[in-house]
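Trainee: I am new to this structure and would like to walk through parts of it with you. Shall we take a look together?

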Amino acid sequence: TKTRGSASAEAKRGRAHGGRGLLTLSIPPPAPRPLRFPAPLAAMLRPSPLLPVPGASAAAAPPGRAASMRMFHGDVFLGEADVFPIKPGPEGALPFPSNEIRISHLSPASERCPPLAILQTIAPFSVRCKLQAKPLPPHPSLHRLYLTCFNEYKSAVVVVGDEELHLVAMPSKVEKVPCFWCCSVRVGLYAASVGMLNLRCLAIVFDLDETLIVANTMRSFESRIEMLSRRMDIEDDPVRVAGMSAEIKRYIEDRELLKEFIDTDTVTDNGRIVGTQKEEVQPMPGVQERLVRPVIRLPERNAILTRINPEIRDTSVFVKLRPAWEDLRSYLTAKGRKRFEVYVCTMAERDYALEIWRLLDPEANLISLNNLSDRVVCVKAGSKKSLQHVFRDGGCHPKMAMVIDDRLQVWDEKDQHRVHVVPAYAPYYAPQAEMANAVPVLCVARNVACNVRGGFFREFDENLLKKVFELLHENELLDLPYAPDVGDYLVCEDPNFPQSNKDPAPIPEGMSGAEVEKRLNGRAYQADQKQTSSSIRPSDDARVPIRGTVGSSNVQPNGGSMAIVPSLFVTVLQEIGRLCNSKVEFRSTVSTSKITQFSVEVLFSNEKIGNGIGKTRDEAQVQAAEKALQNLQSNYLSYVAPIAGVLNKDTSKSSRNGNGFLEDDLDSDGDTAMQEPSGSKSEQKDHSNVDRLPSVLSLIRELCLEDQHVVFRDQVRNPVSATNEEYHFQL
């Protein structure tokens, strides 16, 4: 047995010969075996890949039948190699066209990660075949290529369509000829991943609206103020009324600042007049137009006023920045070292998205101007976001990316485990919510990102790298180690931190999705000037078209939700009456006072259910219909249950007014409802009621102020009810 001193001397001699010395411990009687080192030391002292280890036995050949192919680097002939498919049969078809291997280029050199570790991370278990150079005649060019790839952590790349085949130089226990593993990956992905893995860098994708900012135009301010005012009119709870009143006050205060900015290019903030600063927007590559925007920054309010189109004052926007954004931003680029490559994925209009990001990253430290066009990704409203689409240019693999968004369901299902969901930013509804927790929302997101990065590269260094250094040409595909995934480490550090919006604002606080384009280019205003078709659809989800004519004076598209247009109240009320075989009447009178006013009553099967007063007959009619629907609201879902096939104790009751739907809330002295005997007409109606289900579901969707999915949850309570064919559902 060699002493420690002689072993050290042997190692020094090995390093003196280019780091390819052979270091063994001879312990008779077993055959000699190579000494195992920790991964970093093994990288320095690993034996020459072409020198056989004494006493080693030949391994079994790979499965499948070998094919002989000629190898080229460009047009330079390198030699011939035997190619062994990994899988037998048709699945093991060789990927090289024309039965030749033509290398186009070498991959970028890697400082610390061998090519196989990179490929296993971005394309796990993608080994297509193994190559082994023929021993005779000798091919010095192929031998030099092999040593270059092995020593410099490079791979030889064969481009086939939109796929790259990377030939990875592998050490061998037996063979004295160059040996390669061939792995496939999407074009460009390897080159982008080399730098990220060497620098210990991942990717992070941000949503904008209600995640990092809330933005409003004059029209969106007015829409939300009007919507809240209507809700206050029907709210009885004094606490809620006080909350709505304070929320409206905050909206009005910021609306007045925006109006002053539009009119005078100044704002008065706490008695101080603040003028605009002309901020030049640096043109992106290929864009020659110089753009200068008027901008007012109000740090004390965490707000910025800007103008998307400097020539059109109506495109002015009031932007609220989420607190602690500076903390998160500084972490991403601390000490000039990039911890994350930053991307943006939003459903907003592109010019708006680019300006909002410029306000968030004014010095272009997170996304350089050269990359801005590719890294700000705008998704069509209503479609799913996906990391595959964000990285469509091969800039990163989805396994190496995390997402910060306030909504989970807008992401493709296969990406949802990589999304860190933050509560929607609601500066008007709950201005103190951001600071209610000991750690602000974006600081929690920063800590989550830090933990994800640490966990990912701990697995990469301690497991994947270590095992890759031990692999030989003779190993099988299943010997490859597990590759880390960002989703494995995306766990919130604070167990009390809400992962979803349990108590979101009743209405979206700012523009989002398709609303941005409508508000900024004037389409919403144009719609205000005319009657539009009733097939209005929200931007984020499919919806059943609404019957009837829509007066669009108050159309309020806001991304994922849509408030009911006032004149729809009349149409929907009439539709409910039609479905219930009940007559809906509107009776109007004119007051005899000095101020002319119209009064309208709504009768449902000759019973009064609402009234309204207005300066015009139409205004009074809309108000009466709205109040009628509000009066029906408390009874609607319970009495519509038989139509959905639900049987319970209350469904056998009919109301005194005989319309089969409404209960008379105006006079409820005693229960005079009649119980229908078994086998009566109600059973005969069951089939027709089920046929009406699609229409009723359509009405439910129209009546919901928030755009939600209708879901039936099975509520079977016990086996007895099930055996009696009685089912309970919660809608």
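Trainee: Which handedness does the crossing of H8 and H13 have?
Mentor: Good place to start, and keep in mind that this is a predicted model. Helix H8 covers residues 325-332 and helix H13 covers residues 441-470. The crossing of these two helices is right-handed.

Trainee: Are H8 and H13 roughly parallel or roughly antiparallel to each other?
Mentor: Start from the packing angle, which is about 20 degrees, with the axes 8 Å apart. Angles under 35 degrees count as roughly parallel. H8 and H13 are therefore roughly parallel.

Trainee: How many charged residues does the contact of H8 with H13 have?
Mentor: Let's look at who takes part. H8 brings Trp 325, Asp 327, Leu 328 and Tyr 331, while the residues from H13 include Arg 446 and Arg 453. By class, the contact has seven nonpolar residues, no polar ones, and charged residues numbering three.

Trainee: Moving to the open sheet, which strands stand at its edges?
Mentor: The sheet has five strands in the order E12-E18-E17-E16-E15, with antiparallel pairing. A strand at an edge has a single partner, so one side of it is left without a neighbour in the sheet. The edge strands are E12 (213-216) and E15 (277-281).

Trainee: How many bridges join E12 to E18?
Mentor: Strand E18 spans residues 316-321 and runs antiparallel to E12. Asn 216 stands opposite Phe 318 in E18. As for the bridges joining E12 to E18, there are four.

Trainee: Which helix packs on the sheet?
Mentor: The helix in question touches E12, strand E16 (291-298), strand E17 (303-307) and E18. Its direction makes about 135 degrees with that of E18. It spans residues 238-264 and is named H7.

Trainee: Which residues of E12 point the other way from Ile 213 and Ala 215?
Mentor: In a regular strand the side chains alternate between the two faces of the sheet. Ile 213 and Ala 215 point one way from E12, and the residues on both sides are buried. Those pointing the other way are Val 214 and Asn 216.

Trainee: Now for Val 83: is this residue buried or exposed?
Mentor: Val 83 lies in strand E4 (residues 76-85). Its contacts include Met 69, Leu 94, Phe 96, Ile 101 and Cys 129. Buried means under 20% relative accessible area. The value for Val 83 is 0%, so this residue is buried.

Technical notes
Residues are numbered from 1 along each chain as its sequence is written. This is a predicted model: local features need pLDDT of at least 70, side-chain atom pairs count only at pLDDT 80 or more; totals for chains, interfaces and linings use all residues. Side-chain values use heavy atoms; hydrogens and water are left out. Buried means under 20% relative accessible area, exposed over 50%, partly exposed in between (1.4 Å probe, protein chains only). Contact means heavy atoms within 4.5 Å. Two strands pair if DSSP finds at least two bridges between them. Axes are lines fitted to C-alpha atoms, for helices over the stretch in contact, and angles run from 0 to 180 degrees between N-to-C directions. Angles under 35 degrees count as roughly parallel, over 145 as roughly antiparallel, 65 to 115 as roughly perpendicular and the rest as oblique. A crossing is left-handed if the near helix is turned anticlockwise from the far one by less than a right angle, and right-handed if clockwise. Ala, Val, Leu, Ile, Met, Phe, Trp, Tyr, Cys and Pro count as nonpolar, Asp, Glu, Lys and Arg as charged, and the others, Gly among them, as polar. Lists of a residue's contacts leave out its neighbours within four places in sequence.
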